[in-house]
Amino acid sequence: MSDVLAVTEHRRGELRDVSLEMVSAGRDLADEMGGDLHLAVISGDVDAYADQVNREGVDAIHTVEYGEEFNHDVYAQAVEQLADDLDAEYVLMPNSVNGLDYAPAVAEGLSLPLVTDVVDFSADGELEVTREQYGGKVETTIEVSEDRAAITTRPAEWPQAEGQGDAEVSAFDADIDESQIQSTVTGFEEVAGGDVDISEAEFLVSIGRGIEEEENLPLIEALVEATDATLSSSRPIVDNGWLPANRQVGQSGKVVTPDVYIAIGISGAVQHVAGMKGADTIVAINTDPNAPIYDLADYGIEDDLFDVVPALIEEFGGEVPDV
Amino acid sequence: MSMKILVTVTEVAEVEDEFEVAGDDIAEQYLEYDLNEWDDYAIEEAVQISEENDDVEVVTATIGPERSEETIRMALAKGADRAVRVWDDAIESADYLDTDSKADLLAAVVEEEDPDLVLSGVQSADEANGATGVTLAEKIGFQWAAVVNDLDLDIEGGVASVHRELEGGVEELTDVESPAVLTIQSGINEPRYASLRGIRQAQQKPLDVKTIDDVGLDESVVDSPLAQTSMYEPESEGDATIWSGGPEEEAEQLAEFLRDKGVVDA
């Protein structure tokens, strides 16, 4: 038996979707390795969360009541003690921002090998996991030669588990050492507010690194004006301060679901895709035919955006600015 | 009050658009090496702290071959004071340098340097494990915060007030006790370009090269229970219709599509 302990996640009183993905990923791993799937629900309204994650395929749910919000010292201690108590071979955590804040500590605390951002499992005697490298251009297989490991799984890679489960929910009495809690959450801040809500837009023209310079922005603005679209972007554009945070599409920005999404000079990194894959039709303008954006694009133009965009502006009778 | 900030700096490989996998990695001729983007932000954050306060030393620590000195000099040119590079044959020939090994090597450097604050990039652009910083913190007994996109340091009080960039446009405000490891997210600042003067000065700044033995560890530090058994190009899941025929024709097809779809009236 190789049991799996998968850890769920919540924030500000709500279970996060990734928790239901952890159920699917955990079941997947437990099936590969021939074991049970245990879930950990830590802090906040644990009984309500436990009820929500009690889906088909879950064998047992363990709740740890301590505080309201995520704290990495509490999570690390609770997960380590629970994994020890259950003798779980595999500890599965989400590769979310909070996952990255405690999973390495759990691996270190339990002396487990750590593999992060995993997208697939397979077992042929030993566990093999698949992860990406070089910005998604290649996949690698990593063999885990110990029969124990700490693993984080990529968000939105596994489906959300469905079907009512009948796992027993039990309270785990973790012994949280308060002297080990040396960071304090003092609040939360919404940063993507403002006058524009790109998540409501039906037609988005979105730009990425391919635009190269801030001086080239007027070209895209002219296209936006000529087509009456809404302007959005991938992360680097906001990081550079060329557009405000409320224009950012992706994991750390907004999730958008327009009828049409035109990705201009966007490679399609996984964090970006997380925010726009729900678009009805995706059009990519990118010179690199291997760019991951083409994995989900419906239409593509593999040509230089600085040639295509002016032509497009003219198609709609707009004025092409000098850039 | 003097202070020392250690910044972990890594050289990353960028892959050209067209490439081939040879054995278990991308063939060397398709790789270009550069300073890891996230580390660039970490360096900038450290240098800004050193400029805003008296008596702050910024030291970079890198695990990397001789080639990576170009990257390290870049960090020195941007304002770091000196650098430590750890490398030797055992690291070079390691089958799979995992997070644990990297953090062990960096921990040995940290113990020698005894910094008050460690800044590290959230992740490396090539391997993207995103775990070295927090693993390091746990090994050296420092507090930590991952994915920091705002930092306000109270040096006297020994507290770092940070924003952690969560998903969906939400930031978590957290106070972390020093000494701490903070993993720095892109966008936290505007990394400077190295000035010509900075680049000249960087040539004179100390860059110490240390072996595993020099940092007080033995070769078993590079052993790993993990092994990379294959690397391959994922099969494209895409079935995009590609419009071709040159920019004008392509724009025309896209325009026609947008009109048909009813999202553009013009």
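I call a residue buried under 20% relative accessible area, exposed over 50%, and partly exposed in between (1.4 Å probe, protein chains only). The model I looked at is predicted, so I kept in mind that local features need pLDDT of at least 70, side-chain atom pairs count only at pLDDT 80 or more, and totals for chains, interfaces and linings use all residues. Residues are numbered from 1 along each chain as its sequence is written, chains are lettered from A in the order in which they are written, and side-chain values use heavy atoms, with hydrogens and water left out.

**Entry 1: salt bridges**

I looked up salt bridges (a side-chain nitrogen of Lys or Arg within 4 Å of a carboxyl oxygen of Asp or Glu). The structure has 29 of them over all chains.

**Entry 2: Lys4(B) and Glu113(B)**

I found these two joined by a salt bridge, with 2.7 Å between the closest N and O atoms. Lys4(B) is in strand β1 and Glu113(B) in helix α4 of chain B, 109 residues apart; strands (E, at least two residues) and helices (H or I, at least four) are DSSP runs, numbered from the N terminus.

**Entry 3: Arg192(B) and Glu51(B)**

I noted a salt bridge here at 2.8 Å, N to O. Arg192(B) sits in the loop between β12 and α6 and Glu51(B) in helix α1, so the pair ties together parts 141 residues apart in sequence. Arg192(B) is partly exposed at 25%, whereas Glu51(B) is exposed at 52%.
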